[in-house]
Amino acid sequence: MAEHKISVGNVEVLSVKDGFSAKRDPTATFPESAIDQWREYPEILDENDQVQSRYGSVVLRSEGKLILVDTGMQTATGGDLLNDMRVKGAAPEDIDIVFLTHLHPDHVGWNIDLSSGKPAFPNARYIAPRSDYEYWMQPDVLAAAEHVQLHVVPLTELKLIDLFDEDYKVTDELITVSTPGHTPGHTSLMIASAGERAFVLGDVAHSPAQAHYTDWNPMFDIQPDISRPTRHRVIDMLESEGTLVSAGHFPDPGFGHFVKLEGRRIWQGV
């Protein structure tokens, strides 16, 4: 069984999840792909040529702070993030900071608990990239973004959300990395502690198949002409430096490396 908790120097990294998406045709999500290419990945493609995405988050313990990265999907029928956190030893009320890589529905879903209308992490400050927040708060964008109305605007009204700019330090061990394209302000997180490094990917990539087919953009990318070079730049860096990666939409628990094997780049889970 894969290990859900790892250490990076002095930082503890705990993989948690809110559940999984419905199964779907991967070529609908990645319009540039072909089903024969997906059949190269029997570990992620089922017998009906369908894929399923994990709604993954991580809890980081750094310098005495407990930081949750992204808050899953939560729908009217629920979601498992809060329960999964408790089972794995990270109670929602113990979270000090909620770090939002970007403001898509499956990353802000438990900001507000729909059953109570209150913040799901009652003792936390929420932080988000300023450029992403400003994009979603444009009146025409906000009018079509119900998830932002439900899960981000209330944080503003409660004065619980802080905005950060590039190269922001969450702690001295956690530094933001601008990775735009998927959304205009999408931001990843570099963990650097005691000589060790890891990278919280966010939605720079959505599938292990993109290790090789790095040009593929998912239909969710708001700025595809920016997300593609961002993806190449980031994955090339992570491969060349051998950096451990936490990838929220990759198979559970989402820890692994991008490596070259027989001339082909692959995702190697750990």
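Start by selecting Arg-54: this residue is buried, with a relative accessible area of 3% (buried means under 20%, using a 1.4 Å probe and protein chains only). You're looking at a predicted model, where local features need pLDDT of at least 70, side-chain atom pairs count only at pLDDT 80 or more, and totals for chains, interfaces and linings use all residues. Residues are numbered from 1 along each chain as its sequence is written, and side-chain values use heavy atoms, leaving out hydrogens and water.

Where does the largest share of the lining of the largest cavity come from? Go back to S3, which supplies 3 residues. In all, 13 residues line this cavity, and Gly-56, Ser-57, Asp-70, Val-200 and Gly-248 lie nearest its centre. (On a 1 Å grid over the protein atoms alone, a cavity is a set of points where a 1.4 Å probe fits but cannot get out; lining residues have an atom within 4 Å of a point.)

Finally, zoom out. The chain has 9 helices and 16 strands. Its C-alpha trace spans about 50 × 45 × 35 Å along the principal axes, and buried residues make up 54% of the 270 in the chain.

Notes. Buried means under 20% relative accessible area, exposed over 50%, partly exposed in between (1.4 Å probe, protein chains only). On a 1 Å grid over the protein atoms alone, a cavity is a set of points where a 1.4 Å probe fits but cannot get out, and a pocket is an open set with protein on both sides within 12 Å along at least five of seven lines; lining residues have an atom within 4 Å of a point. Helices (H or I, at least four residues) and strands (E, at least two) are DSSP runs, numbered from the N terminus.
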